[in-house]
Amino acid sequence: MGKYTDKLRQYKPDRTDADDSVDTIVTSRIKQRIRTLERKIGTDSRHHIATDQPDIKGDGKHNDTAGIQRLLDEAKDKPSGISIYFPAGVYKLTSTLFIFEGTRIECHPKAVFNKVHHRGMLQNIKKDSTDTGHNGNGNITIIGGIWDNNGHRYLGGTCFVFGHSKNLIFRDLTIKDVSPGHGMEINSSKNVLIDGCKFIGMAPKKKKLYSEAVQLDLMKSKGVFPWKKGHFDHTPCQDVMITNCYFGPSDRLGSWGRAIGSHSATSDRWHRRIIITNNIMEGTLQWGIRAYSWEDVTITSNIFSGCGAGLSIDPNHVGEGEVDSEDIDGKQTYSSNQVKRITIQGNQFTKPGRHGSVMSITGDQHHDMLEVNVTGNIIENPAPTYSIYLAHLAHSNVSDNIVTGGDKGIKLVACRQVNVIGNNIKQIKATGIEAFSGNRDLTIANNTLSLIGRHGIWVTGNVMTSVNNNHMTGIGGGGAAAQGIRLTSSCERISIIGNVFSNQEPGYRMTCAIHTASCTKNTLAAANNAFGIGFDFCGNVTENGNAG
């Protein structure tokens, strides 16, 4: 998916569209590069054309496993590393390959690794590993190739397994047809780049419908990381970028449970500095992205098409018997990890399903989620779900989003100091914006709401909320009683200022522009413009300059 000039393509065979007829030219170019490297750095490094080895044929019939593993093993004795180029061909694999420190694998676009066994394809870690932290086999680059797991025929889960690692690059490769498991398990690793890759096809299994194409995980236990026997130190991931990738179905199997995410955690451990940008996620069974106990997260300019739901940002689960709220010593903390600094910007969500809200961003009763910025996203939601659901957030902004369709536009629960500003919300079946139960210090301002089936903005059980300068037209479809702004359930110190209301949309009619229940206290309504619609204020509202 990268953009390279013709000149650059000459030196980037992993990015070419060359077919088999020019593979000899590509291979010759690689050999020349190897000779140049050997002259520069001598014999401390090794550079190989895989098919120059007598026991690697790449013909789809010969078992190439032992020959490839012998090449990979050379890295154990070469401090400066090795590089291997795989020309076009089909490389038959009958067992898992193990990769070591300082290895570079570069593949022709038509180099196919064909798995014909019931285990994974490539690991950097063995069962008896005593590695901790990020000190295992790292400084690894894998470019190109089609890694076909044949999940319609063979079980054996995860394709790539990397743990206790650092400095990993995966570029322009395809991971295909996994059954069941992950395309990549990136565990306890830092400085990871996944760029321009395709993750296509997963064979679903009833108990693993959540399986991620790329899973970020921590070294928690054998149950979480079954590829290792011991030395579980709860190291998380950090500094991970996933960009320019495609996640979706293959020609043989459907899409993934989730494109990117996590589903295990430990108290006082976070995956940190995660960037997910410019990806396409198509047809996932559940979330496109599920960020679970992540911190310092940037999710920008992605396309979510036909996913079961869009994205979920959550702290770790908490409760009696819940291992995700245990500390590194296995002691139950009964507390969650507070999540901070989340940016969700410029993403597109189309045709989401019913698995959950298009965006679900929630702290919990232990900790508010802090410093969340949701801005400039486009949501087209035909499902009967919330488009943006926010709970237990603080010091956050939801701004300039375009939301079309769904049962509810934006809902806030138990939030504080959150600004909902400048959003365009339309064609909602029920309520445009709901601020329910335990919110305080909210600002709901400068939003445009149109073609809303029930109420425009419904505030209930809130303290110190400002509802200012919103524009509402076409509120109350289907003949149901509806208000532009509705206050209920002991709202206190609410300011309703400068809002504009219109009944001009055919088939939509507000029964009143603003309704305040009798339990409303210390509320100000001023300079609202609702000519021809009217107001229904209780006696505890101070009015000033309203036109109704």
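Aspartate 441 and arginine 440 form a salt bridge, with their closest N and O atoms 3.0 Å apart. A salt bridge here is a side-chain nitrogen of Lys or Arg within 4 Å of a carboxyl oxygen of Asp or Glu. The model is predicted: local features need pLDDT of at least 70, side-chain atom pairs count only at pLDDT 80 or more, and totals for chains, interfaces and linings use all residues. Residues are numbered from 1 along each chain as its sequence is written, and side-chain values use heavy atoms, leaving out hydrogens and water.

**Salt bridges**
- The count comes to 18 salt bridges.
- Arginine 258 pairs with glutamate 212 at 3.2 Å between the closest N and O atoms. Both residues are buried (under 20% relative accessible area; exposed is over 50%, partly exposed in between; 1.4 Å probe, protein chains only).
- Glutamate 295 and arginine 341 meet in a salt bridge at 3.7 Å, N to O.
- Glutamate 295 is buried at 5% relative accessible area, while arginine 341 is partly exposed at 35%.
- A salt-bridge network links Arg272, Glu295, Asp296 and Arg341.

**Aromatic pairs**
- Rings of Phe, Tyr and Trp (its six-membered ring) pair if their centres lie within 6.5 Å; planes under 30 degrees apart are stacked, over 60 edge-to-face, the rest tilted.
- There are 14 aromatic pairs by this rule. One of them joins phenylalanine 160 and phenylalanine 162 edge-to-face, at 6.3 Å centre to centre and 65 degrees between the planes.
- Phenylalanine 160 and phenylalanine 162 are both buried. Phenylalanine 160 also forms a tilted pair with phenylalanine 170, at 6.0 Å and 40 degrees.
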